[in-house]
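Reader: I am new to this structure and would like to learn how to read its features. Could you take me through some of them?

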Amino acid sequence: MQAAQPDDLIINAADEVAIRKHLALVALGKKPADRAIRLGRLFDVHGRRWHADQEVVISGRRIAWVGPVGAYRGEVAERVDRSSFSAVPGFGEVHKHIESSHLSPEWEAVLVLPFGCTWTCEASHEFSNVNGARNLDFWMMARRAGSPAKIFPLPGSAVPPTAYEWGGGHYGYDEQERFLREHLAVAGLDEVMDWPAVWNPDNPSHDRLWGMIEATFAQRGVVEGHAAGMRDINDINAFAGAGMASDHEAWTLEEVQDKLRRGLFMELRPHSLTEVISGLLEAGQQDWSNFALCTDDRSASDTLKLGATDHNVRLALDAGLPLEIAVQLVTLKPARHMRLTPWVGSIAPGRYADLVLLDDEARLGIAEVWADGRQVSRGRDYIAAVPRIDWPDWATRTVNIARDLSAEDFAIAAPAGAGETANAALLRPFHWHDDFITATLPVAQGAVQRDSDRNITKFAIVDRFSGEGKVAKMFWLGTGPKTPDTALACSMGHDKHNIWVVGSSDEAMALAVNTLKDMQGGWTLVSGGTVLARVRYEVGGLMTCRPAAELDAEMAELYRQGETIDWMYEPTFSPRWWPGFPERLAFATLTCAPWRWVLVAPSPLAPDGFVNVQTGATHKVVW
């Protein structure tokens with residue numbers, strides 16, 4: 001592997017100064033350049049103009065000079081002719097969770113680079129909730145090992161997501177101040193999700209969150225927002241007034257327009273991107289400077305099918321947005337919002353030499369991708385070296401349960417004095433109502449029972465951080481297996497990432513969790529005392545260190561086995577829920593706005609785990 005260069009990482013100002021001094025001399029022809037690439041057309045994102053017959057001169061991993069072919073007066077070691085292609089800057093993600101690919105960073109880079117994505121603002125509250133102390137070490141490791149993908153981590157505001165959750169990591173003023181002071185690559189504060197804690201001084205997370213916001217302001221970082229379900233203009237005004245700079249959760253045209261008007265930078269996601277952009281164009285939107293396109297969450301399997309950032313651009317093109325504006329929304333605009341323009345976002349001197357070479361401008365046909373001044377892909381194939389990383393125990397031994405669980409851990413004891421029935425609190429996936437659901441359930445052998453005839457089963461959260469394996473359990477409606485003695489478990493449960501398990505028997509739930517514990521994370525599907533399928537996420541319990549195709553094959557087997565199970569379903573009035581294999585339960589464990597009643601691992605403020613995160617109220621799961 002090539003020896004690391006000073007600009008492998010944006011580490012500190014001293015390194016950056018040395019690089020810039022050198023680039024100035026190369027640009028003036030006083031020092032030789034490493035490489036020059038001749039291009040048929042080059043897109044200038046600053047002026048939104050195409051320039052014909054251009055040359056990009058590279059020194060190390062950076063661009064030193066850009067201009068007409070033949071105009072550079074310095075010495076060049078290697079000349080590369082790509083005059084049949086058009087060049088646009090490497091694509092960037094203003095808001096993405098790399099963990100949602102379920103690939104470790106070096107393999108996620110292999111997956112997305114051929115699709116044009118050369119840099120990512122990592123919304124880092126997934127791994128940071130698993131091992132907050134080593135979070136930045138984790139995200140810098142692939143780059144140190146030679147990966148050409150740039151990762152700009154934003155430490156998670158949601159560490160923990162609410163005051164009712166704990167374990168893995170805890171961030172406040174001191175941690176955020178240090179992250180920003182020590183690393184130029186840290187762009188700001190990851191999406192502030194716990195809005196009740198921001199506006200309500202009585203919320204137990206209020207001081208912690210404002211400490212992180214203060215530290216970010218002090219270092220001139222960006223405070224990213226998360227305003228899911230926020231459509232009242234009074235709330236939007238308060239959100240913007242509190243210093244939140246952006247939102248990526250808007251679903252409708254009206255919501256986008258209301259938030260844009262109050263100064264929020266709008267990060268448009270694929271689920272509503274086409275409708276929003278077509279509506280904005282119809283309404284006469286002229287200024288796109290406060291917009292970007294973003295992925296947020298996309299699995300490796302979906303990326304193999306759809307693409308990465310390029311997929312978002314094509315959706316914008318389909319909505320009628322001109323190519324030039326669409327490209328700006330994944331290059332200059334997100335880089336400017338995140339204050340990263342010295343390094344990424346354009347084909348200009350000083351920036352990393354990241355270029356996407358197109359053989360079809362109209363449909364964004366990607367022929368090659370260059371990153372750090374070298375070609376890394378040809379068509380859909382990644383052709384550069386993949387750094388080998390032996391991830392340390394702090395990244396791979398993160399499921400800390402020092403015992404085997406049993407069926408008794410998942411039993412829900414009947415309340416004292418109960419006869420043949422008991423009252424039970426119920427939730428269902430994406431239940432955003434002020435009140436939980438109630439039902440009367442049968443009691444047998446001193447425990448409250450499921451009722452599969454009414455689509456009522458059992459759901460549990462298992463703490464994977466303390467070593468004790470504490471279990472919070474309750475009844476859920478319209479999800480999970482109806483097939484007897486069956487359970488599904490996963491160590492990815494946004495955003496705290498404890499283990500969640502849903503099952504038609506307590507024995508199956510215990511088997512699923514114990515299997516997951518032994519694997520150190522992933523998915524397990526069990527039925528009839530047999531493990532039907534497993535998917536390994538050995539890195540942080542969230543990711544795996546291997547190619548996307550291998551992970552995709554394991555997921556395909558999980559889905560295939562899942563088709564043999566009868567899954568409960570009941571409409572939740574949410575576009576995020578549908579019949580069949582309940583993969584979206586990994587997001588149904590969220591505790592941010594607009595959630596109210598949730599189930600979390602047992603904690604001092606929520607001993608049974610059942611809590612209203614908006615008000616702090618708790619309630620028995622049976623009575």
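Author: Gladly! Let us begin with a working idea: contact means heavy atoms within 4.5 Å. Please keep in mind that this is a predicted model.

Reader: Which residues of α10 meet which residues of α12?

Author: On the α10 side they are P270, L273, T274 and I277, and on the α12 side they are N312, L315 and A316. Sorted by class, this contact of α10 with α12 has five nonpolar and two polar residues, with no charged ones.

Reader: And how do I read the way two helices lie against each other? At what angle do the axes of α10 and α12 cross?

Author: Angles under 35 degrees count as roughly parallel. The axes of α10 and helix α12 (residues 309-318) come within 8 Å and cross at roughly 25°. That makes α10 roughly parallel to α12. The crossing of these two, α10 and α12, is right-handed.

Reader: Where else does α10 pack, for instance at what angle to α9?

Author: For this one, recall that 65 to 115 degrees counts as roughly perpendicular. Helix α9 (residues 253-261) packs with helix α10 (residues 270-282) at an angle of about 65°, and their axes are 9 Å apart. The two helices, α9 and α10, are therefore roughly perpendicular to each other. Their crossing is right-handed.

Reader: Which residues meet there, between α9 and α10?

Author: From α9 come L253, V256 and Q257, and they meet V276, G279 and L280 of α10. By class, the contact of α9 with α10 has four nonpolar and two polar residues, and no charged ones.

Reader: What about α5 and α7: at what angle do their axes cross?

Author: Helix α5 (residues 173-182) and helix α7 (residues 206-218) have axes that come within 8 Å and cross at roughly 25°. That makes α5 roughly parallel to α7. The crossing of α5 and α7 is right-handed. In α5, the residues Y173, Q176, E177 and L180 meet G211, M212, E214, A215 and T216 in α7. The residues of this contact of α5 with α7 divide into four nonpolar, three polar and two charged.

Reader: Now the backbone. What should I look for there?

Author: Most residues other than glycine have a negative phi, and most peptide bonds are trans. Exceptions to look at here include R220, which has a positive phi of about 60° although it is not a glycine. You will find R220 in the loop between α7 and β9 (222-225).

Reader: Which peptide bond is cis on the way into D495?

Author: The bond from H494 to D495 is cis, with omega near -5°. D495 sits in the loop between β22 (486-490) and β23 (499-503). Another cis peptide bond runs from A593 to P594, with omega near 10°. P594 belongs to the loop between α18 (585-588) and β26 (597-599).

Reader: Which residues lie nearest the centre of the largest cavity?

Author: They are E165, I461, K496, N498 and V600, out of the 14 residues that line the largest cavity. By class, that lining has six nonpolar, five polar and three charged residues.

Key. Residues numbered from 1 in each chain as written. Predicted model: local features only at pLDDT ≥ 70, side-chain atom pairs only at ≥ 80, totals over all residues. Heavy atoms only, no water. Axes fitted to C-alpha atoms, helices over the stretch in contact; angles between N-to-C directions. Helix = DSSP H or I, 4+ residues; strand = E, 2+ residues; numbered from the N terminus. Parallel < 35°, antiparallel > 145°, perpendicular 65-115°, else oblique. Left-handed = near helix turned anticlockwise from the far one by under 90°. Nonpolar A, V, L, I, M, F, W, Y, C, P; charged D, E, K, R; others polar. 1 Å grid on protein atoms, 1.4 Å probe; cavity = no way out; pocket = protein on both sides within 12 Å on 5 of 7 lines; lining within 4 Å.
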